[in-house]
Amino acid sequence: MKVTVVGAGAVGASCAEYIAIKNFASEVVLLDIKEGYAEGKAMDLMQCASLNGFDTKITGVTNDYSKTANSDICVITSGIPRKPGMTREELIGINAGIVKAVATSLLEHSPNMILIVVSNPMDTMTYLAHKSLNLPKNRIIGMGGALDSARFKYRLAEALDAPISDIDGMVIGGHSDTGMVPLTSHATRNSIKVSEFLSEERLAQVAEDTKVGGATLTKLLGTSAWYAPGAAVSGLVQAIACDQKKIYPCSTFLEGEYGLSDICIGVPVILGKNGIEKIVDVPLSDAEKSHMKASAEGVKKTNDLLEV
C-alpha cells in the first residue's frame with residue numbers, strides 16, 4: 001500500500017504522521033515544491049519510527065512526481081491556507097490552478113489511484129478534479145465532512161459534559177462556515193438522542209460553533225488548523241486501504257442523490273477498497289433539507305468561478 005501526500009505543510013505532514021503511526025501503509029511519499037522541505041519533514045518523521053513503533057517508510061521529494069508512481073491513494077493538501085478573516089472561498093483563484101496541475105501529474109504516474117482532495121474551497125476543488133480527470137466518481141473524494149463531524153462531536157461532548165467516546169454525530173453539506181449542515185436530529189449520546197439532554201437553543205449554539213470551527217482556530221492560530229484535518233484524512237485513507245466499509249461524510253459527485261446533480265458536496269458514504277462504495281441516503285428533517293439546499297446553492301456559486 002503506497003500513499004502519496006502532496007503538500008508537506010502542517011496538514012500534509014500531520015496526515016503523513018498519522019498514517020505512519022497507524023502502520024497500515026508500506027510507504028508514504030511526501031511531495032512539496034519547496035526545495036528540501038518534504039525531505040526534511042520525512043527525515044524528521046522517520047526519526048520517530050523507533051519511538052512510535054511503526055515500520056512505514058516515509059519518503060520526501062521535491063516536485064518529482066515520478067517518485068509517486070503506482071500510488072494506491074493520493075492526497076492533495078497543497079495550496080495556500082486560510083488567514084484570519086478569510087473564507088475558504090477566497091482561496092479559489094490560486095488553489096484551483098495548483099489543484100488541477102497536481103491532480104493531473106498524480107494521475108499521469110498513478111492511473112489507478114483513489115484521490116482525496118483537502119485543499120480549499122474543498123467542495124469546489126473536488127468538483128474541479130472530477131471535471132479535469134474524468135475518473136469514475138467513486139475514485140475522487142473530498143475531505144471535509146469527516147473533519148466537520150469531529151468538530152461537531154467535540155462541541156456536543158462539551159455541551160453535554162460527556163466523554164467524546166459516548167458521542168455520535170455527523171455534518172453534511174458544504175465545507176464552509178455557512179454551508180455545513182450538522183445533523184442535530186440524528187446526533188446521539190450512547191444511542192440516546194442528544195435532544196433528550198440539550199435544549200433546542202443549546203443545540204443550535206452547538207451547530208453554530210461547529211460551523212465556525214475552522215474560522216475559530218484560524219483566528220487563534222493565525223493560520224489553518226492541522227492536527228484534526230490530518231487525523232481526518234488519515235481516517236479516510238485507512239478506511240480505503242484496509243477496506244473497512246466505514247461510513248464517513250465526504251464530498252462526492254452527485255447525480256440525483258439528495259435531489260442534487262452536477263455538484264460535489266458532503267453526504268454520508270461507505271468507504272472501502274474501491275473508494276466510495278455507496279452513497280447512504282439519510283432521512284433529513286425539513287430544516288435540514290432546507291439548509292442542504294441552501295448549502296448546495298452556495299457551492300454552485302463558487303463552482304461558477306471555475307474555468308473548467
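Residues are numbered from 1 along each chain as its sequence is written, and side-chain values use heavy atoms, with hydrogens and water left out. Because the model is predicted, local features need pLDDT of at least 70 and side-chain atom pairs count only at pLDDT 80 or more, whereas totals for chains, interfaces and linings use all residues.

Grid points are joined across faces, edges and corners, and a volume is the space filled by probe spheres set on the points. Lining residues have an atom within 4 Å of a point. Searching the whole structure gives one cavity of 30 Å³ or more. The volume of the largest cavity is about 50 Å³. Its lining comprises 14 residues, and G145, D148, G173, H175 and G266 are the closest to its centre. At least two lining residues come from each of α5 (122-133), α6 (145-160), β8 (171-173) and β12 (246-255), where helices (H or I, at least four residues) and strands (E, at least two) are DSSP runs numbered from the N terminus. The most is given by β8, with three residues. By class, the lining of the largest cavity has five nonpolar, seven polar and two charged residues; Ala, Val, Leu, Ile, Met, Phe, Trp, Tyr, Cys and Pro count as nonpolar, Asp, Glu, Lys and Arg as charged, and the others, Gly among them, as polar.

The second largest pocket holds about 380 Å³ of space. Of its 19 lining residues, S149, K153, G169, I247 and P249 lie nearest the centre. Two or more residues of this lining are given by each of α6, α9 and β12. The lining of the second largest pocket divides into eleven nonpolar, four polar and four charged residues.

Helix α4 (residues 92-109) packs on α5 at about 45 degrees, the axes being 10 Å apart. The two helices are therefore oblique to each other, a class left after under 35 degrees (roughly parallel), over 145 (roughly antiparallel) and 65 to 115 (roughly perpendicular). The crossing of α4 and α5 is right-handed, that is, the near helix is turned clockwise from the far one by less than a right angle. Contact (heavy atoms within 4.5 Å) involves residues including I92, V99 and L107 of α4 and M125, L128 and L133 of α5. This contact has eight nonpolar, four polar and one charged residues.

The axes of α1 (residues 10-22) and α9 (residues 227-241) come within 8 Å and cross at roughly 45 degrees, which makes α1 oblique to α9. This crossing is also right-handed. Among the residues that meet are V11, Y18 and K22 in α1 and Y227, V233 and Q238 in α9. Nine nonpolar, five polar and one charged residues make up the contact of α1 with α9.

Two backbone features remain. The peptide bond from N120 to P121 is cis, with omega near -5 degrees; P121 lies in the loop between β5 (114-117) and α5. N70, although not a glycine, has a positive phi of about 65 degrees, and is placed in the loop between β3 (57-62) and β4 (73-76).

How values were computed
On a 1 Å grid over the protein atoms alone, a cavity is a set of points where a 1.4 Å probe fits but cannot get out, and a pocket is an open set with protein on both sides within 12 Å along at least five of seven lines; lining residues have an atom within 4 Å of a point. Axes are lines fitted to C-alpha atoms, for helices over the stretch in contact, and angles run from 0 to 180 degrees between N-to-C directions.
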